[in-house]
There are 2 protein chains.
Amino acid sequence: MKYGHFDVKRREYVIDRVDVPVSWTNYLGVEELCAVVNHTAGGYLFYQSPEHHRITRFRPNGVPMDRPGHYLYLRDDETGEYWSVSWQPCGGPLKDYRCRHGLSYSVYECVRGGIRAAQTLFIPRGESVELWDLALENTSGRPHSLSVYSYAEFSYHQIPIDNQNFQMSLYCAGSSCADGIIDYELFYEHARQFMAASFEPDGFDCLRDSFLGPYRTEANPLAVERGECFSSFEKGGSHCAVLQKKLTLAPGEAARLTWMLGEGGAEEGARLREKYRDPAAVDGALADLARYWDGKLSKLQASTPDPDLDVMLNTWNLYQSEINVIFSRFASFIEVGGRTGLGYRDTAQDAMTIPHSNPEGCKKRIVQLLQGLTSMGYGLHLFDPAWFGPQPGKPAFKSPTVIPVPDKASIVHGLDDACADDALWLVAAVAEYVRETGELSLFDETVRCANGGERTVYEHLKRILDFSAAQVGRHGICKGLRADWNDCLNLGGGESAMVSFLHVWALGHFVDAARALGREEDGAHYEALRRSVIAACQRELWDWDW
Amino acid sequence: MKYGHFDVKRREYVIDRVDVPVSWTNYLGVEELCAVVNHTAGGYLFYQSPEHHRITRFRPNGVPMDRPGHYLYLRDDETGEYWSVSWQPCGGPLKDYRCRHGLSYSVYECVRGGIRAAQTLFIPRGESVELWDLALENTSGRPHSLSVYSYAEFSYHQIPIDNQNFQMSLYCAGSSCADGIIDYELFYEHARQFMAASFEPDGFDCLRDSFLGPYRTEANPLAVERGECFSSFEKGGSHCAVLQKKLTLAPGEAARLTWMLGEGGAEEGARLREKYRDPAAVDGALADLARYWDGKLSKLQASTPDPDLDVMLNTWNLYQSEINVIFSRFASFIEVGGRTGLGYRDTAQDAMTIPHSNPEGCKKRIVQLLQGLTSMGYGLHLFDPAWFGPQPGKPAFKSPTVIPVPDKASIVHGLDDACADDALWLVAAVAEYVRETGELSLFDETVRCANGGERTVYEHLKRILDFSAAQVGRHGICKGLRADWNDCLNLGGGESAMVSFLHVWALGHFVDAARALGREEDGAHYEALRRSVIAACQRELWDWDW
């Protein structure tokens, strides 16, 4: 079954057949604001933290799999027929729809009812606002009267409040609409969001259950069906962002409409409405994003005998790694924001991929990982960098209900919870960073251990390698410990070929570093260790010429 | 708008119009297994703990508001038309449907397509199984070929796993079907559930996404639409409990079909299938539940000039309180299982209502509340009784991922998080228990404080009253502290009339107890305190004759 293809020239993945059986997601935003959206515009928006500052809501593992999202409805005001520009939530004939995931933007295209429509979602650099830019064209050969409606569901910001304690959360937020701008506030945080538009709206709804109607879903909103919003707003309830526009297009006539969903109150919405009211400003912001990615990608372009490998190397590997370093892997449709922080091995892997395109981001993650390293030489498998900041353990906001904070002693978990591979990846990440930047002085910087005390980066790395040398089983191969990369493969006391191979690899990186630093004695010692681990691998696992 | 009425004789609330705008829920089960189901059979099932042993899944604050549930679909195999016995999820003409919430059972009635159907949900005493009993009658005057399908969605047991970390949870559970019984297992706990039936099934599905089909919902399952299940099962994925039966009813013919959804593996399902295969056994179990409630309610029946007050006093107040004491208020559509444990004031209020009908349950909750009392005299606003059990702080199961446990020091929260009214309710609860049972010796039993140390129940109560006497503002009225019953009314340093009134009331209960125990000195001391609080109330709040 083929659902799409790479458009190499435009650096896009094009989904020609939009009923993909699992979500194909893209990440919008490269700074503070992030939208995770799939091939039907399902997904969510957050500011800085997907756990503590969610802006739009998403129902993980839902039915259907991808609700809700950042949707635009089109309605033929003559027939009453309506559809979604992004196929879902309304559905319809597959041939009418297409999705294009680009670098920090996604476009949903649809040709239906004599109307060509393209909805482009992206987040401009320098601003915390998601633009929903709609281009319409009347291809029907007759005048066409239409309504267009935006729809997104606001979140209660904190995932635990969003999911659990509705005696409180149904009264924790309020919405209003004035001067064409929707203002949403979570009272306990005085945090606000807005939706504005480039046009004077002909209708609005701030209450989800009013707009959708009872026992309905995003597939058949009552307001769209009847062709008129309810002008709903309230202190309390579940909130949404609906701004409606009615328009009539002459045959062949085109139009541009832009919605703006962002962080901040109505004042911020008014400022950004001015900034992006002109479609040329929207086009400029999209071109700026293209320049941003071009600058990064142009640092390394490969030409190999395999054009598919080139596509992977020259665009998508770096794009994914850069995004992971900005937002971590805890924001997706799989990790749906209930956890904040970093996975040890994933973060090390992501960081080692970007020293040439984002040395600052790479170093920031390396230092955070060193802070999450114990003096024993293993890393904390999952941790929140904030735990090691100025006020460790402090809850992110004062909840109206009593929530116990994690125990510091349980944050720094014991050997029982150590994964055998985690910290070995960091050795390679540090080496790759220094190779690319030449910043040999990093090895002599001092970083605190997660469980107290401090040491140089160089000493941290030695401890990682020594830890793996000590944690071997009866064949001399590294133990798998809690897990050995496959988190779900809990080996008990068993040994892991994968970890010993990784140990050899990390030792090689460190020996290079020791020699570059002129520390010949360490170089010789760890080279000898490397050879002894190779010997064990050859003896027990694989008689290969290393 | 009128949606229903009390059927006083049958002790039921009858919902004649089933499109109620908010969920009207009932609680099934009086022991270890509990189903929370609403007027359209939406809801969920859990065993002991709604956080740690969820059996069926529910989407809190969903769209629509009550998905999924414990549904039966009927399909006319001649026309292909299908509907739900409980109206939702399929919907349809309202006039065809009715719901009756009784004492620990709910009945969903429907007359449609020439078929009369009634789905009764209840949990027999002594067994951890929910019975879905379907009575059918062909009123069409012609032979009728039908299919019937059950549907419930299995949960990953632990609410945090159910909501958040799908990289793990999509691989944590498996399902299979053999000998007409569905077996579901969460691998990490070796915990299993089953669905069995009184009949030989003609089809089954264990995989939610197969049964429903892509981009569909519970409103239009693909298997029901096409009239045939997919025989789906898998290690991994999202699971459901579908057993299909095809049958042909002659004009006027009736049939009974029973599904059984319960705790335990296929062996347990086979045992219970034998037990409840005969409809007479199902009827017997329902009659046994009626006797159980009749025994409790008959302890106190009031006849007042107001028949509506009688309905409240003679059935529903006690029913609600008994259920709250069994399952706590942390299982509902509002508290959707993400928290485990007890709210201090709610539990005290519930306990004080049932000493005559359930003295053991009342005393159990009183002792748990005393264990959640600090030596300073305030209660822990929310707490898990397990925290004060043999292994405090121990996680309920070994997660495949690393989850920090709550800090003991933050469990026993400080004065900042104390609610001014919480523990005052307990004084009245203890007094009401002793008045009903005559168990004066309770006052001299010893109970540990939440923060260490121990004292007698009698001394605990004194400390509660002394705490409120000390925590007064500049008018001599009790401070509201973090909250004064209204959790969201955080008064800062302000005073609360409500808490001083409550203080007077609690003091009265204690003075009675001291005198009954012959402790005249205490009686006089606390009577003097009571009078001084009354004087402050009269002076500052309400010049009323107390």
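Predicted model: local features only at pLDDT ≥ 70, side-chain atom pairs only at ≥ 80, totals over all residues.
Residues up to four places away in sequence aside, B:Pro124 touches B:Val129, B:Leu131, B:Tyr276 and B:Ala285. B:Pro64, by contrast, lies 60 residues from B:Pro124 in sequence and 30 Å from it in space, C-alpha to C-alpha.

## Cysteines and disulfides

A disulfide is a covalent bond between the sulfur atoms of two cysteines. Over all chains, the structure holds zero disulfides.

B:Cys206 illustrates the point. The closest cysteine sulfur to that of B:Cys206 belongs to B:Cys177 and is 5.3 Å away, which is too far for a bond; a disulfide requires a pair of cysteine sulfur atoms within 2.5 Å. B:Cys206 is also buried, with a relative accessible area of 0%. In chain A, A:Cys419 likewise counts as buried, at 4% relative accessibility.

## Overall form of chain A

Chain A contains 14 helices and 22 strands. Its radius of gyration is 26 Å, close to the 24 Å that the globule rule gives for 546 residues, and the chain is therefore as compact as a globular protein of that length. Along the principal axes, the C-alpha trace of chain A spans about 80 × 60 × 40 Å.

Of the 546 residues in chain A, 60% are buried. Where contacts in chain A join residues at least 6 apart in sequence, 66% of them link residues at least 24 apart.

A:Lys462 belongs to helix 12 of chain A, which covers residues 457-470. Is this lysine, A:Lys462, buried or exposed? With a relative accessible area of 15%, A:Lys462 is buried, since the cut-off is under 20%.

Apart from neighbours within four places in sequence, A:Lys462 is in contact with A:Phe510, A:Asp522 and A:Tyr526. A:Val427 is 35 residues from A:Lys462 in sequence, and their C-alpha atoms are 9.0 Å apart in space.

Key:
Residues numbered from 1 in each chain as written. Chains lettered and ligands numbered in written order. Heavy atoms only, no water. Helix = DSSP H or I, 4+ residues; strand = E, 2+ residues; numbered from the N terminus. Rg over C-alpha atoms; globule rule 2.2 N^0.38 Å. Buried < 20%, exposed > 50% of the residue type's maximum accessible area, 1.4 Å probe, protein only. Contact = heavy atoms within 4.5 Å.
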